[in-house]
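Hello,

Here is the structure you are taking over. My notes on it follow below.

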Amino acid sequence: MKQSYYLLGVWVNALTISDLNRLIAEAVKRDERWIIANHNLHSLCIYHKDPKMRAFYDRAEYIHIDGMSLILLGRLLGLPLRREHRVTYVDWTDHLMAVAAQQGWRIFYLGGKPGVAERGASILRQRFPGLQLATAHGYFDVHPSSLENRAVLEAIAAYQPHVLMLGMGMPRQEHWILDNLDRLSANAILTAGAAIDYVAGAVPTPPRWAGQLGLEWLFRLLAEPQRLWRRYSIEPWFILRLFATELLLKER
């Protein structure tokens with residue numbers, strides 16, 4: 001549907017929120033199973049160090065950009081990326097739920113702490129009447145043969161979702177999808193991170209102007225310093241090395 005671009009050692013698609021909603025509608029119409037993944041600075045670092053993460057992205061049909069920093073770096077490398085090609089779940093979730101309620105899509109959200117996902121789902125059902133949204137928390141034994149994992153798979157199969165959203169953090173959610181892909185029948189499988197945590201208020205939502213300016217990372221760091229300090233103080237240097245290498249190759 002959209003042009004792929006090679007950026008900092010990975011392939012990404014220039015997709016807007018409307019594009020992503022249309023992709024899900026197409027997957028549902030065709031009754032096919034598509035992985036719609038995303039890349040940000042954190043995933044890039046994991047991708048280049050984790051073979052299983054690379055295997056996951058190889059299986060993805062589409063990969064949207066979740067990070068204004070990637071948009072800016074891509075533009076510096078000459079790629080035709082625009083602000084609207086940066087899609088984070090903080091911005092996309094409401095749009096997706098509105099379309100799902102209108103189209104009658106069933107959504108299953110797997111992730112978050114016990115009670116958080118259902119609290120977020122309750123808010124979304126009130127916000128979008130008719131929305132079919134089931135949840136299960138992400139605190140379970142993810143080993144493919146564990147009883148808890150089997151129970152989760154059975155719950156998803158019984159619900160028969162059109163859209164399966166995984167909110168278990170990187171790379172846990174990507175590893176889980178790869179381990180269980182043959183047993184997942186959803187039309188669209190999305191790696192949604194903390195999407196439901198923001199809706200439920202478990203994690204403060206950064207102001208949207210900060211996301212447009214590429215400063216959302218600062219608000220997230222202030223909200224969760226113990227969890228995110230390493231990501232935002234060390235990983236950018238790795239990304240800058242990738243950028244410098246790619247820039248030198250383009251100039252040759």
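Helix H6 spans residues 116-127 in this predicted model. From the first C-alpha to the last, the twelve residues of H6 reach 17 Å, close to the 16 Å expected at 1.5 Å a residue. The buried residues of H6 are Val 116, Ala 117, Gly 120, Ala 121 and Leu 124. They lie on the same side of H6, because they cover an arc of only 130 degrees around the axis. Their cover includes helices H5 (89-103) and H9 (195-200), together with strands S5 (106-111) and S6 (132-136).

Some backbone details are worth a look. Most residues other than glycine have a negative phi, and most peptide bonds are trans. Leu 8 is not a glycine, yet its phi is positive, at about 55 degrees. Leu 8 sits in the loop between strand S1 (4-7) and strand S2 (10-13), and at 1% relative accessibility it counts as buried. Gln 160 also is not a glycine and has a positive phi, of about 50 degrees. The loop that holds Gln 160 runs between helix H7 (147-159) and S7. Gln 160 counts as exposed, with 52% relative accessibility.

The peptide bond from Met 170 to Pro 171 is cis, with omega near 0 degrees. Pro 171 is in the loop between strand S7 (163-167) and helix H8 (172-180).

As for the whole chain, there are twelve helices and eight strands. Of the 252 residues, 50% are buried. Among contacts between residues at least 6 apart in sequence, 72% join residues at least 24 apart. The chain exposes about 12000 Å², and carbon and sulfur atoms supply 54% of that area.

Regards

Notes. Residues are numbered from 1 along each chain as its sequence is written. This is a predicted model: local features need pLDDT of at least 70, side-chain atom pairs count only at pLDDT 80 or more; totals for chains, interfaces and linings use all residues. Side-chain values use heavy atoms; hydrogens and water are left out. Helices (H or I, at least four residues) and strands (E, at least two) are DSSP runs, numbered from the N terminus. Buried means under 20% relative accessible area, exposed over 50%, partly exposed in between (1.4 Å probe, protein chains only). Contact means heavy atoms within 4.5 Å. Accessible areas come from the Shrake-Rupley method with a 1.4 Å probe; for residues, only the protein chains shown count as cover. The expected span of a helix is 1.5 Å times one less than its number of residues. The arc is that of the directions from the helix axis to the C-beta atoms.
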